[in-house]
Amino acid sequence: MTIETPTESARADAKRRAIVEVARQVFLSQGYAAASMSEIAARVGGSKGTLYNYFRSKEELFSAFMTETCDRLATAFRSIPPIGQGRSVRDSLIDIGLTLMQFLMTDDFMAMHRLVLSEIPRFPEIGRMFYEAGPAKGEARFTGYFVDAMAAGRFPAGDPQAVGQRLKDLVLSDLYLRRMWGVLDGLTDAELRAHVADSVDVFLMVYAPELSGAA
C-alpha cells in the first residue's frame, strides 16, 4: 500500500483543482458533448493517462466541475447564523435569501445552468448530476434552517421542507428566470436586497405573520 506524504497530497490536490478549472473552461466554451478528455489533458499539460488517474470519465469530471461550483454557495452559507438567533427572523431570512441570489445570479453559475439545460435532451444523466450537486443540497440546507428554528421555538411549527421550499421559490421568483433567459443583465446590491426583502415579507405573511418585521 502506498502512503502519500503531506507534500504529495497537496500536489495531487493542486493538480486536481487545475484539471477541474481547465475542464470548466472547456465545458463552458464547447459544451459537454463537444468537450474531449484529450483536449482537456492537452490544456492541463499532461497525458490523457494522467488525467484518467484523477477522473475515470468525462462524466465524472463534469460532475466534479458542477460540485466545485455549487460548493461555493455552501461556503457562503456557513457564515449565516441560525434563523432568529440574535436578530429578527425577517433579517435572518433576508440574509439567507440574499446569499442564495448573489450566488445564483453570477455569470459562472448562470453559464453552468444554461449548459446543463442545453445538454439534457442528449444526456439526461447530466440533469440528475446537476440536481444532486446543487439544488438538492440547497433544498436540504433550507430545510435544515427551519428544522432548527422550529425546534428552538423561533419559527411556528410546520413542515420544514415545505416551508424552506416556499421561501426559496419566492426569493427566486421572476428575477432568476429573467436572468437565465438573458433579458436581465444585472442588479445593484440594493435592488437585489429589495427584491429579497419583498419576497420574505410575502413569505412571512403566510407562514408567520406574527413575526413579520419583528425585532
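**Helices, core and salt bridges**

Mentor: Of the protein's 215 residues, 40% count as buried. Keep in mind that this is a predicted model.

Trainee: Fine. How many helices and strands does the protein have?

Mentor: There are 11 helices and 0 strands. The C-alpha trace spans about 60 × 45 × 30 Å along its principal axes.

Trainee: And the contacts? What share comes from residues 24 or more positions apart?

Mentor: Taking contacts with a separation of 6 or more, 68% are between residues 24 or more positions apart.

Trainee: Now the inside. How many residues are in the largest nonpolar core?

Mentor: It has 64 residues. Phe 27, Leu 61, Phe 62, Met 66, Leu 93, Phe 146 and Phe 155 have the most contacts inside it. Helix H5, residues 89–104, gives the largest share of this core, with 9 residues.

Trainee: Take Phe 155. What is it in contact with, leaving aside neighbours within four places in sequence?

Mentor: Its partners include Val 89, Phe 146, Met 150, Phe 203, Tyr 207 and Leu 211.

Trainee: Switching to charges. How many salt bridges are there?

Mentor: The count comes to 16. One of them joins Arg 90 and Asp 201, with the closest N and O atoms 2.6 Å apart. Arg 90 lies in helix H5 and Asp 201 in helix H11, so this pair ties together parts that are 111 residues apart in sequence.

Trainee: Is Arg 90 buried or partly exposed?

Mentor: Partly exposed, at 21% relative accessibility.

Trainee: Which residues are linked in a network of salt bridges?

Mentor: Glu 21, Arg 24, Arg 72 and Asp 108. Arg 24 is found in helix H1, residues 6–30. Its relative accessible area is 18%, so Arg 24 counts as buried. Beyond residues up to four places away in sequence, Arg 24 touches Phe 65 and Asp 108.

Trainee: Last one, the surface. What makes the nonpolar patch of about 350 Å²?

Mentor: Leu 177, Trp 181 and Val 183. Trp 181 lies in helix H10, residues 175–181. Trp 181 is exposed, with a relative accessible area of 60%.

Notes: Residues are numbered from 1 along each chain as its sequence is written. This is a predicted model: local features need pLDDT of at least 70, side-chain atom pairs count only at pLDDT 80 or more; totals for chains, interfaces and linings use all residues. Side-chain values use heavy atoms; hydrogens and water are left out. Patches are made of residues with over 30% relative accessible area and no salt bridge: like charges are joined within 9 Å, nonpolar side chains (Val, Leu, Ile, Met, Phe, Trp, Tyr) within 5 Å. Accessible areas come from the Shrake-Rupley method with a 1.4 Å probe; for residues, only the protein chains shown count as cover. A salt bridge is a side-chain nitrogen of Lys or Arg within 4 Å of a carboxyl oxygen of Asp or Glu. Helices (H or I, at least four residues) and strands (E, at least two) are DSSP runs, numbered from the N terminus. Buried means under 20% relative accessible area, exposed over 50%, partly exposed in between (1.4 Å probe, protein chains only). A nonpolar core is a set of buried Ala, Val, Leu, Ile, Met, Phe, Trp, Tyr and Cys residues joined through side-chain atoms within 4.5 Å. Contact means heavy atoms within 4.5 Å.
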